[in-house]
Amino acid sequence: MSLRSPLGKVRGLGSAKNGTHHWWMQKVSAVALVPLTIWFVSSIVQMTRADYEVVINWMNSPIVAVLMLLFIITGIYHLKLGLQVIIEDYIHSEGSKVLLQMLVTFSCVVIGTTASFSILKIAL
Amino acid sequence: MPDTKRPLSPHLQVYSWSLEMALSIFHRATGVALGGGALLITWWIIAIATGPDAYDQFRNVMSSIVGKVFLFGFTFSLMLHMCNGIRHLFWDIGKGFDLEDSRRSSKMVIFFSVVLTAISWVIGYGII
């Protein structure tokens, strides 16, 4: 049995206006990022002194390209969700809040798209 | 914020700092820092896609002292955020809320993020 009134249910969904969806997406992306981060770091530490040929041959492999895409897209999505909450917590004026949220969204989309395009350009 | 006459809860400066509080705010701080890390990775990928000259430029910047300080901060932020994030996932399924468990997991988070950072740098650069 829920203690929430029908009106509360309709209006409700908390201050973010979307219920637990945001929180859940943060968790799902976090779970995905654990193995992806371990893969990324263990790959990258072997290439700190690598020449261009070595690195580009590595990223040419379809498996590496797909894992890089997954890491970048999941990571940027997780970043966007996290920064959004920080802005909601600390910025109280409605104008700068909306402005900052848009700035974060645009920046994340630009970074994610640019990185993804570059990975595809290398691998295809 | 609306001006109300209701009593306010005690704020941050009232409490004595605990390991859990420090890790909580560090989780946020490292999360923001990892935004910078995302920019760094993006620059790296763009440099590889652009060509050998752009890649060498990136590698030269990252081999400098300033570059290495950034990389080290990035590595540690990533490890701390990942270890503490895993702890958050356990909290989310309702495990490890006891004071004793929390204190133990705080120490584990710090231990593992230091160890994982050290391992990465030993493999990556042969130094700590």
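Predicted model: local features only at pLDDT ≥ 70, side-chain atom pairs only at ≥ 80, totals over all residues.

Trainee: OK. How many helices and strands does chain A have?

Mentor: Five helices and zero strands. Helices (H or I, at least four residues) and strands (E, at least two) are DSSP runs, numbered from the N terminus.

Trainee: How much of chain A counts as buried?

Mentor: Of its 124 residues, 15%. Buried means 20 or more other C-beta atoms within 10 Å of a residue's own; exposed means 12 or fewer, partly exposed is in between, and C-beta atoms are placed from the backbone.

Trainee: Switching to the chain contact. How many residues are in contact there?

Mentor: 25 residues of chain B are in contact with 27 residues of chain A. Contact means C-beta atoms, placed from the backbone, within 7 Å.

Trainee: Which element of chain B gives the most?

Mentor: H1(B), with twelve residues. By class, the side of chain B that touches chain A has 17 nonpolar, six polar and two charged residues. Ala, Val, Leu, Ile, Met, Phe, Trp, Tyr, Cys and Pro count as nonpolar, Asp, Glu, Lys and Arg as charged, and the others, Gly among them, as polar.

Trainee: And the largest nonpolar core? Which residues touch the most other members?

Mentor: Ile76(A), Leu79(A), Ala38(B) and Ile45(B), out of 25 residues. Such a core is a set of buried Ala, Val, Leu, Ile, Met, Phe, Trp, Tyr and Cys residues joined through C-beta atoms within 7 Å. H1(B) supplies the largest share, eight residues.

Trainee: What is Leu79(A) in contact with?

Mentor: Cys108(A), Leu34(B), Gly35(B) and Ala38(B), leaving aside neighbours within four places in sequence. Cys108(A) is also one of the buried residues of H5(A). Those buried residues pack against H3 and H4 of chain A together with H1 of chain B.

Trainee: Now H3(B). Why does its length agree with a helix?

Mentor: Its 28 residues should span 40 Å at 1.5 Å a residue, and the end C-alpha atoms are 40 Å apart, so the two agree. The expected span is 1.5 Å times one less than the number of residues.

Trainee: What do its buried residues pack against?

Mentor: H2 of chain A, together with H1, H2 and H4 of chain B.

Trainee: Take H4(B). At what angle do the axes cross?

Mentor: Roughly 145°, and the axes of H3(B) and H4(B) come within 8 Å. Axes are lines fitted to C-alpha atoms, for helices over the stretch in contact, and angles run from 0 to 180 degrees between N-to-C directions. By class, this contact has eight nonpolar, six polar and one charged residues.

Trainee: And H2(A) with H3(B): how far apart are the axes?

Mentor: 10 Å, at an angle of about 145°. Leu78(B) and Met82(B) are among the H3(B) residues that meet H2(A). The residues of this contact divide into eight nonpolar, two polar and two charged.

Methods. Residues numbered from 1 in each chain as written. Chains lettered and ligands numbered in written order. Contact = placed C-beta atoms within 7 Å.
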